[in-house]
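Below is a short briefing on one protein model, arranged by topic for quick reference.

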Amino acid sequence: MSHPATDALTPKAMVVLQDRPVVPFTTWLAEGLRLCSETRRGLQVVTPPESRITMPLRLVLTGPDSRWVIRADGGYYDGLTGVPLQWDGAAFVVDPEARAYAPGYTTPPTAPIGAQLTVTFRVRHTPETAIGGAAEQMCRSLTDMPPSGWGTSEPVTGVWRVEDLGEMFGSRVSAAVWLTVVGGGDGGRPVVGTMLLSQVDDAAEEAVTLVIGYTDPQETPIASLPAIIGALAAEFPLVSCFAQLSPGNADLTTGPRWVGPAAPIGLAVSGSAPGPPGVAGQRIGEARSPTMWYSLGDGRRQDGWQRYQQLTGYLRTQAS
């Protein structure tokens, strides 16, 4: 099995060379990812260090055995982690002799860095709730506008209408559907995300990641998130919602350089567990859809990850 745009196909990986300023998750990369999933290969995209990738492609390249490979200074490194790589004859792998991050990765960017707010949530629909409705409500809450389009690759070709999403998913019977969601055109705040629609037991599940870009990090609506997520839980059967903040380009593209770490803001989970010591929960939403919000930090302090580990361990114990 091969792909017409593949530059190398081995038993372990499909390697695609790209030399363009911004590399999106194109139709043929989407087809390549499908072939990789079916044959248990990794998708590895090779670019020069001047390239940036879009958010959907970034999310795809964090999958098993997939990589963004940067070709620079006679060698290679991982564009998302900075780890030096080498070709082992079947795939790009971590160089076992490397003892430091690639110099190109640790070189500070020259352009100003903004912030990217990432919100990841899951809802399980009832017959009364519309597929795609949760993504639309969250997008409206964070950008004052609904998504503008959707598709299975970039650029998206479908105009956003939740009715179309419901019809499309209904026609797929039990097959899961992965989509790209975009918004923020015509001068609005940029938002890009992904949506996985699947059937879980008797319910349709909508798993969404939305990333919103900010030129000024102080504009991120951190204090409003409990109310925004509570409103979502009041309208849709929310399973969980996690929010984090990271330095990054306001246009939501990613360059192959270190710009700083992400830090957690909070986690919302359905139920009424009070939380472990030091991570007290706050009731949000409505009484008919009990949901707890656990504040983990301001999206900048790294000690929030310790509270995140403490909280997730506590929630696993509560569920067992």
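The model is predicted: local features need pLDDT of at least 70, side-chain atom pairs count only at pLDDT 80 or more, and totals for chains, interfaces and linings use all residues. Residues are numbered from 1 along each chain as its sequence is written, and side-chain values use heavy atoms, with hydrogens and water left out. Helices (H or I, at least four residues) and strands (E, at least two) are DSSP runs, numbered from the N terminus.

**Helix 6**

- Helix 6 (residues 225-235) is largely enclosed by the rest of the structure, because eight of its eleven residues are buried.
- Buried means under 20% relative accessible area, exposed over 50%, and partly exposed in between (1.4 Å probe, protein chains only).
- The buried residues of helix 6 are Leu-225, Pro-226, Ile-228, Ile-229, Gly-230, Leu-232, Ala-233 and Ala-234.

- Helix 4 and helix 6 pack at an angle of about 155°, with their axes 10 Å apart; axes are lines fitted to C-alpha atoms, for helices over the stretch in contact, and angles run from 0 to 180 degrees between N-to-C directions.
- Helix 4 and helix 6 are therefore roughly antiparallel to each other, on a scale where angles under 35 degrees count as roughly parallel, over 145 as roughly antiparallel, 65 to 115 as roughly perpendicular and the rest as oblique.
- The crossing of helix 4 and helix 6 is right-handed, meaning that the near helix is turned clockwise from the far one by less than a right angle.
- On the helix 4 side, the contact (heavy atoms within 4.5 Å) is made by Ala-134, Gln-137, Met-138, Ser-141 and Leu-142.
- On the helix 6 side, Leu-225, Ile-228, Ile-229, Ala-231, Leu-232 and Glu-235 take part.
- By class, the contact of helix 4 with helix 6 has eight nonpolar, two polar and one charged residues; Ala, Val, Leu, Ile, Met, Phe, Trp, Tyr, Cys and Pro count as nonpolar, Asp, Glu, Lys and Arg as charged, and the others, Gly among them, as polar.

**Aromatic pairs**

- The structure holds eight aromatic pairs; rings of Phe, Tyr and Trp (its six-membered ring) pair if their centres lie within 6.5 Å, and planes under 30 degrees apart count as stacked, over 60 as edge-to-face and the rest as tilted.
- The pair of Tyr-76 and Phe-92 is tilted, because the ring centres are 4.8 Å apart and the planes are at 55°.
- This pair links distant parts of the chain, with Tyr-76 in strand 7 (residues 75-78) and Phe-92 in strand 9 (residues 92-94), 16 residues apart.
- Tyr-76 is partly exposed at 31% relative accessibility, whereas Phe-92 is buried at 7%.
- Tyr-101 and Tyr-105 also form a tilted pair, with ring centres 6.3 Å apart and planes at 40°.
- Tyr-101 is exposed, with a relative accessible area of 53%, while Tyr-105 is buried at 7%.
- Ring pairs link Tyr-76, Trp-87 and Phe-92 into a cluster.

**Backbone details**

- Glu-154 and Pro-155 are joined by a cis peptide bond, with omega about -5°.
- Pro-155 is in the loop between strand 11 (149-151) and strand 12 (158-159).
- Asp-65 is not a glycine, yet has a positive phi of about 65°; this residue is in the loop between helix 2 (55-60) and strand 6 (67-72), and is exposed, with a relative accessible area of 54%.
- Leu-252, also not a glycine, has a positive phi of about 75°; Leu-252 is in the loop between strand 16 and strand 17 and is buried at 2% relative accessibility.
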